[in-house]
Amino acid sequence: MAPDSTKNGISRRRLLGGAAALSVPAAIGLNGLVNGNSGAALATNGEAATESPLQGHEHGGFIHAGFAPDRVVDHDRNGFNPTEILRDFDYGKTRRLPSGRVLREWEIVAADREIEVAPGVSYEAWTYNGRVPGPTLRAREGELLRIKFINGSEHPHTMHFHGVHTALMDGMPGIGEDRGGGQIEPGEAFTYEFDASPFGVHLYHCHVAPLAAHIARGLYGAFIIDPKEGRPEADELVMVMNGFDTNFDGENEVYAVNTVGFHYINEPIAVPRDELVRIYLVNVLEYDPVNSFHIHGNFFHHYPTGTSLKPIEFTDTIIQGQAQRAILELEFPFDGDYMFHAHVTEFAELGWTGFFRVGDPSKLTAAAAASMYCDLPWGAKA
Amino acid sequence: MEAGSRAERPVGSGLPSWALGLIPLLLIAVAIGTFAALGGPGLGDRNGPPVEEVSVESTVLHPGQIELTLQNDGPDPVEIAQVAVNDGFAPFTADGGREIGRLGSTTLDITYPWIEGEAYDIFILTAVGGTITAEIPVAAETPEADLDFYGLMALLGIYVGVIPVSLGMLWLPFLRRLGSQWMAALLAFTVGLLAFLAIDATLEGLEIAAEAPAAFGGASLVFAGALVAYLVLAGIDAWLERRAERATAAPDATQGGASDVGVAGVAAGGAYLSLLVAIGIGLHNLGEGLAIGTSYATGALALGAFLVVGFAIHNTTEGLAIVAPLRKGGGEGERGLGLWRLLGLGVIAGAPAILGAWIGASAFNPSLAALLFGVGVGAIARVIVQIAPSMRDEHGRLLYPATVAGMLVGIAALYLTGLLVTV
């Protein structure tokens with residue numbers, strides 16, 4: 001029995017060592033900047049680690065939750081790439097009506113499609129225009145919008161827009177079938193028409209029952225109405241927070257922004273330094289009551305629903321229920337990789353985590369990054 | 001007969017008998033081959049998505065590492081895509097590849113900083129989005145299978161198996177002075193004890209079989225094991241009896257009456273019966289060893305002195321059961337059963353606890369364990385059938401106060417001492 005207790009002692013020490021290594025990056029807000037071993041070295045020697053932020057992850061160490069490193073999602077086969085979705089705004093086709101007003105038109109096709117939501121994990125999605133989330137429809141306040149919806153799926157669907165419009169244009173089954181609207185059966189089409197109002201960041205989604213299933217399958221997208229006078233110029237990003245119940249048990253297995261879990265870990269979002277960044281954030285997550293957005297090393301101005309030009313708070317974390325959305329505006333003052341994730345940490349570790357990459361990441365060292373937050377050498381007492 | 005066969009000759013009557021035996025076999029092979037080559041004509045495509053049934057065969061914990069061995073138990077191949085520990089995806093590698101064919105297996109090496117004493121729920125995402133779940137109720141480092149460890153398990157096996165069983169056998173000289181009523185009661189004690197063990201082993205076997213992949217038989221393994229063991233031992237008994245008959249036929253032909261066979265067999269084989277009891281108890285102790293080993297490996301076992309003492313008391317009664325049949329032969333030249341042979345019986349009954357502990361702590365396979373438990377049950381059942389005749393009184397009754405009391409005491413003894421050793 002003596003050798004046994006010795007062995008446990010060793011393992012416990014090892015475990016404590018591992019825990020210390022993990023807690024270092026967390027404690028200084030540098031998650032992912034150093035790998036476990038150099039984290040331990042930093043804690044004792046103050047030595048700088050020069051590896052790139054993602055190396056530890058790629059090497060299979062446990063810095064933060066992540067997928068097995070040997071494969072990535074095949075975006076070509078999916079037909080869309082979350083990196084491109086970020087800045088892909090669909091303005092439709094416009095023409096001026098005799099009244100002088102702008103008419104903006106889109107054609108949206110619903111289709112069933114298998115997509116890869118995590119490396120190696122396929123999901124039988126229902127899509128608008130072949131992608132999840134559907135296209136980010138963008139218009140300007142006061143325009144007349146016409147969206148021709150063609151149902152190419154095997155199931156009945158609708159497009160239900162969040163906005164101000166008549167009952168017939170609400171995409172609601174049971175309302176307006178006699179006029180060709182309501183629930184749109186497979187192979188049928190309907191054109192929604194309404195004014196772009198009010199300005200803000202909104203969403204659209206299918207409203208056919210069972211509602212949860214139709215939304216969870218991927219039938220949703222962001223819908224942005226710019227104010228008449230526009231907004232200050234910025235690097236604009238669309239982030240639709242979603243999740244996937246891959247085994248259909250009423251709970252999500254994978255969480256993400258723009259569908260693919262951990263995508264922005266593998267491909268950090270490149271953003272400029274000292275320039276305005278605007279995020280159109282929409283929560284469509286099904287089966288979970290709240291979602292959240294948190295950014296590391298920075299704060300943002302929060303414009304709920306984007307319907308006011310004045311922010312309501314300056315913060316680094318917000319929560320959203322399903323269909324809640326917001327505009328977030330921020331500037332990054334320092335180069336480096338900054339994590340963003342749901343501060344519902346369970347979601348974060350199941351895929352809803354990414355990085356912003358500011359400036360030239362090759363300039364970054366852990367020591368340089370650490371100096372941004374702490375003047376004192378590691379281990380020294382204030 | 002002749003006329004009939006001439007009128008309508010039976011099919012194939014002109015062929016040699018080996019050909020008659022072979023032709024249907026060949027036709028079956030051709031039919032199966034054709035069916036498979038044509039891809040099951042007329043059956044159409046599968047109705048619905050693939051069936052994914054994967055069982056977790058073993059869980060091994062090393063610092064920062066969780067190793068899961070998976071077995072595909074279903075009809076379709078399964079591809080492992082991702083692994084999440086306590087609702088967080090974790091990097092992993094698959095030693096046997098990510099794709100597991102039918103009845104194939106693979107080992108996932110998951111990188112995760114688990115912490116001793118915490119509970120972990122693991123879900124494994126397959127390529128089609130299905131989930132396989134595994135549970136670690138209390139995390140503890142899996143002992144390295146090194147010399148120290150095997151030494152410890154061996155010591156444990158000797159403590160709980162060999163020593164107490166051997167000590168129990170020390171009652172033999174005392175038994176030899178008891179009257180025949182006492183002897184019958186003692187054999188009944190053995191039977192009661194064995195019956196309890198059989199029930200216990202069946203339940204335990206079924207419990208383990210529930211974790212084993214259904215494709216390998218699951219619970220039916222326990223019963224198949226029992227049946228096979230019983231039949232094999234019965235066959236050996238019949239063979240030994242025939243040999244004994246032949247040996248005694250020449251000097252004393254009249255003794256071979258049918259009614260005497262059982263008694264003669266027992267009389268000739270007090271030592272043989274003891275051996276059978278020792279084997280049955282040995283298989284039971286293998287199970288005990290398995291339980292100790294797996295509990296130790298998963299960190300669920302506190303190797304306290306109390307547990308060891310409990311097992312020792314429990315198993316001492318088993319030693320008594322082994323030597324009980326020897327008592328009968330006491331007066332009939334069985335004194336030749338020397339100390340070494342007694343010790344041999346003790347090792348047969350006790351040493352499997354060591355083996356069980358090794359297997360349980362290192363290479364535990366639920367299907368194999370279920371089968372072994374079944375074998376133990378079958379052996380015990382055969383031993384009971386063998387012993388029972390020698391419990392009969394002068395009227396040929398099996399159940400009378402002495403034997404009933406003996407059996408009840410046997411059952412009670414195991415039940416009560418068993419309370420000491422809940423693993």
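Here is a tour with a few things to select and look at along the way.

Before you click anything, keep in mind that this is a predicted model.

**Stop 1: chain A as a whole.** Select chain A and switch to a cartoon view. You're looking at nine helices and 21 strands. Chain A has 382 residues, and 46% of them count as buried. Now think about its contacts with a separation of 6 or more: 69% of those in chain A join residues 24 or more positions apart.

**Stop 2: a five-stranded sheet.** Stay in chain A and pick out strands S1, S5, S10, S9 and S7. In that order they make an open sheet with mixed pairing. Which strands stand at the edges? Those are S1 (89-90) and S7 (160-161) of chain A; each has a single partner strand, so one side of each has no neighbour in the sheet.

Next, zoom in on S5 (residues 134-140) and S10 (residues 220-226) of chain A. This pair runs in the parallel sense, over five bridges. Strands of a sheet pair through backbone hydrogen bonds, either parallel or antiparallel. Show the side chains of A:Arg140 and A:Asp226: A:Arg140 stands opposite A:Asp226, which belongs to S10(A).

**Stop 3: the nonpolar cores.** Select A:Ala222, A:Tyr280, A:Val282, A:Trp352, B:Val83, B:Ala90 and B:Ile110. These belong to the largest nonpolar core, which has 113 residues, and they touch the most other members. What does A:Val282 touch? Leaving out residues up to four places away in sequence, A:Val282 touches A:Val201, A:Leu203, A:Ala222, A:Val240, A:Met241 and A:Arg325. Apart from that core lies another one, of 77 residues; to find it, select B:Ile208, B:Leu290, B:Ala351 and B:Leu372, which are among its members.

**Stop 4: a helix in chain B.** Now select residues 17-37 of chain B, which form helix H2. Its 21 residues reach 31 Å from the first C-alpha to the last, close to the 30 Å expected at 1.5 Å a residue. Is H2(B) well covered or hardly covered? Hardly: the count of buried residues among its 21 is zero. Step just past H2(B) to B:Gly39, where phi is positive, at about 70°.

**Stop 5: two domains in chain B.** Six residues from domain 1 of chain B and five residues from domain 2 of chain B take part in the contact. On the domain 1 side, strand S1 (residues 54-62) of chain B gives the largest share, three residues. That side divides into one nonpolar, three polar and two charged residues.

Note on methods. Residues numbered from 1 in each chain as written. Chains lettered and ligands numbered in written order. Predicted model: local features only at pLDDT ≥ 70, side-chain atom pairs only at ≥ 80, totals over all residues. Contact = placed C-beta atoms within 7 Å. Helix = DSSP H or I, 4+ residues; strand = E, 2+ residues; numbered from the N terminus. Nonpolar A, V, L, I, M, F, W, Y, C, P; charged D, E, K, R; others polar. Buried ≥ 20, exposed ≤ 12 C-beta atoms within 10 Å, placed from the backbone. Core = buried A, V, L, I, M, F, W, Y, C linked by C-beta atoms within 7 Å. Expected span 1.5 Å × (residues − 1). Pairing = 2+ DSSP bridges.
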